[in-house]
Amino acid sequence: QLQLVESGGGLVQPGGSLRLSCAVSGSTRKSYAVGWFRQAPGKEREGVSVISNSGGVTNYADSIKGRFTISKDNAKNAVYLQMNSLKPEDTALYFCAAKIGIGIPGLKFNEYPYWGQGTQVTVSS
C-alpha cells in the first residue's frame, strides 16, 4: 500500500548535522505513521523516532533524545529526520518505515509493515 524511499545520508564529522528525507508514495490518502530505524554492523535494529499521521505525536529513543527531530509534511508526503550533534555511534544504515493508522506509534520495528531500502549515515573525523 505504501512505498518509501530514503535520501540524505552521507559522511559527516562528529558534532555535525544531517537531514534525512523519506518520500512516501502509494496509498497516501490513508492516514499513516512513520518511523525512523537504524542498524549498525553487529547490532540489532533500533527504533530512532516515530511520528503520528498528523505529526502531533512523536517519540524518540533515549540515545538520541534532544539531538534528533522528526517531522512530517503530509502535503508533500514526506517525513524528515533532522540529526544534530552527531556522534560516531550514530553511524548506521537508516530506514524509514510506515504503518497505516492514526494511533499512537511505537518504536518497535515489527509494528511497521512498509519499509524503504535505507540510507547510510557515517559519522567520522
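## Where strand β11 sits

Let's start with a pair of residues facing each other: Leu-93 stands opposite Gln-120 in β11. They belong to a pairing in which β9 and β11 run antiparallel, joined by three bridges. Strands here are DSSP runs of E, at least two residues long, and they are numbered from the N terminus (helices are H or I runs of at least four). Two strands count as paired if DSSP finds at least two bridges between them. Before going on, note that this is a predicted model: local features need pLDDT of at least 70, side-chain atom pairs count only at pLDDT 80 or more, and totals for chains, interfaces and linings use all residues. Residues are numbered from 1 along each chain as its sequence is written, and side-chain values use heavy atoms, with hydrogens and water left out.

β11 also has strand β2 (residues 10-12) as a partner, and this time the two run parallel, with three bridges. In that pairing Val-12 stands opposite Val-123. (Buried means under 20% relative accessible area, exposed over 50%, and partly exposed in between, with a 1.4 Å probe and protein chains only.)

## A closer look at Thr-119

Thr-119 counts as buried at 10% relative accessibility. A polar atom of its side chain lies 3.2 Å from the backbone nitrogen of Gly-9. Leaving aside neighbours within four places in sequence, Thr-119 is in contact (heavy atoms within 4.5 Å) with residues including Glu-6, Leu-20 and Tyr-94.

## The four-stranded sheet

Which strands make up the open sheet? There are four, in the order β1-β3-β8-β7, with antiparallel pairing. β1 (2-7) and β7 (68-73) are at the edges with a single partner strand each, so one side of each has no neighbour in the sheet.

β7 pairs with β8 (residues 78-83) over six bridges, in the antiparallel sense. Within that pairing, Lys-72 stands opposite Val-79.

## The nonpolar core

The largest nonpolar core has 29 residues, and those touching the most other members are Trp-36, Phe-68, Leu-81, Met-83 and Tyr-94. Such a core is a set of buried Ala, Val, Leu, Ile, Met, Phe, Trp, Tyr and Cys residues joined through side-chain atoms within 4.5 Å. β1, β3 (18-26), β4 (32-39), β5 (46-51), β7, β8, β9 (92-100) and β11 (119-123) each supply at least two residues of this core.

Beyond its neighbours within four places in sequence, Phe-68 is in contact with residues including Arg-38, Leu-81, Met-83 and Tyr-94.

## The disulfide

You'll find one disulfide in the structure, joining Cys-22 to Cys-96 with an S to S distance of 2.1 Å; the cut-off is a pair of cysteine sulfur atoms within 2.5 Å. Cys-22 lies in β3 and Cys-96 in β9, so the pair ties together parts that are 74 residues apart in sequence. Both cysteines are buried. The torsion about the S-S bond is about 70°, so the disulfide is right-handed.

## Ser-52 in its loop

Ser-52 is in the loop between β5 and β6 (58-60). Is Ser-52 buried or exposed? Ser-52 is buried, with a relative accessible area of 5%. A polar atom of its side chain lies 3.3 Å from the backbone nitrogen of Gly-56.

Methods. A polar contact is a pair of N or O atoms within 3.5 Å; within protein, one must be able to donate a hydrogen and the other to accept it, and residues adjacent in sequence count only if both atoms are side-chain atoms.
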